[in-house]
Amino acid sequence: GVLNNTATNGYNNATNNTTVLGPDMKLEKITLNKTVYLGNVTMFKIRVTNTGNVNLTNILVEEIDYDEGLVLADWKGDWPWFGNINTKKFVYFETLKPNESAEFIVIFNTTSSGNKTNYVNASSKQTGNKSANNTTEVVPIRVNITKEWEDKDNQDGVRPESVTVHLLADGVEVDKAILNESNGWTVLFKD
């Protein structure tokens with residue numbers, strides 16, 4: 001803001017306008033995929049914007065908390081960002097000028113379904129802490145399988161009594177079911 005100071009001696013007035021510099025920043029955590037399937041990754045973009053009118057230095061961003069079912073796996077960013085997954089801390093090594101932004105992406109593995117929120121803090125040498133969070137929905141995978149026969153209602157009498165269905169994930173069997181007339185030749189695989 002601007003501070004106005006007027007001095008008078010009864011005959012003359014003198015006015016001095018002083019611009020007061022103030023550091024400030026905005027922290028955003030943006031969900032890049034609002035909904036993901038269980039077992040897939042979800043990504044959040046973290047953006048720091050200098051909303052003050054002084055340069056910001058020594059910017060530190062830290063993942064402070066996230067819901068069970070999210071596992072911090074990796075991050076993507078270019079210099080001048082440097083990150084450490086083990087400490088969950090990310091440092092911006094250059095000066096962020098007024099109205100400039102810097103961003104990077106954090107990547108989480110999903111291990112359970114539901115709405116998953118994570119929280120981040122940021123600070124700089126010139127500002128206090130700012131906080132942000134965002135949520136992604138992790139939905140379970142459901143696979144419904146129905147065997148449909150094209151044999152004119154078994155007119156030749158060669159239909160088998162059952163069919164075994166194997167559910168694979170990345171080429172590895174994770175479940176199996178037997179389809180037959182009593183279950184309507186249908187199965188629903190759920191997480």
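1. A surface patch is made of residues with over 30% relative accessible area and no salt bridge; like charges are joined within 9 Å, and nonpolar side chains (Val, Leu, Ile, Met, Phe, Trp, Tyr) within 5 Å. A salt bridge is a side-chain nitrogen of Lys or Arg within 4 Å of a carboxyl oxygen of Asp or Glu. Trp79, Phe82 and Phe93 form a nonpolar patch of this kind, with about 400 Å² of accessible area together. Areas come from the Shrake-Rupley method with a 1.4 Å probe; for residues, only the protein chains shown count as cover.

2. This is a predicted model: local features need pLDDT of at least 70, side-chain atom pairs count only at pLDDT 80 or more, and totals for chains, interfaces and linings use all residues. Residues are numbered from 1 along each chain as its sequence is written, and side-chain values use heavy atoms, with hydrogens and water left out.

3. Look at Trp79 in the loop between strand E7 (70-76) and strand E8 (81-84). Strands (E, at least two residues) and helices (H or I, at least four) are DSSP runs, numbered from the N terminus. Is Trp79 buried or exposed? Trp79 is exposed, because its relative accessible area is 60% and the cut-off for exposed is over 50%, with buried under 20% and partly exposed in between (1.4 Å probe, protein chains only).

4. The whole structure holds 9 aromatic pairs. Rings of Phe, Tyr and Trp (its six-membered ring) pair if their centres lie within 6.5 Å; planes under 30 degrees apart are stacked, over 60 edge-to-face, and the rest tilted. Trp81 and Phe104 make a tilted pair, 4.6 Å centre to centre with 55° between the planes. This pair links distant parts of the chain, strand E8 and strand E10 (residues 101-110), 23 residues apart. Both Trp81 and Phe104 are buried.

5. Trp149 and Trp185 pair edge-to-face, at 5.1 Å centre to centre and 80° between the planes. Trp149 is in the loop between strand E13 (142-146) and strand E14 (162-169), and Trp185 in the loop between strand E15 (172-180) and strand E16 (186-190), so the pair ties together parts 36 residues apart in sequence. Trp149 is partly exposed at 26% relative accessibility. Trp185 is buried at 8%.

6. The charged end of Lys147 sits over the ring of Trp149, 4.5 Å from its centre (NZ of Lys or CZ of Arg within 6 Å of the ring centre and within 35 degrees of the ring normal).
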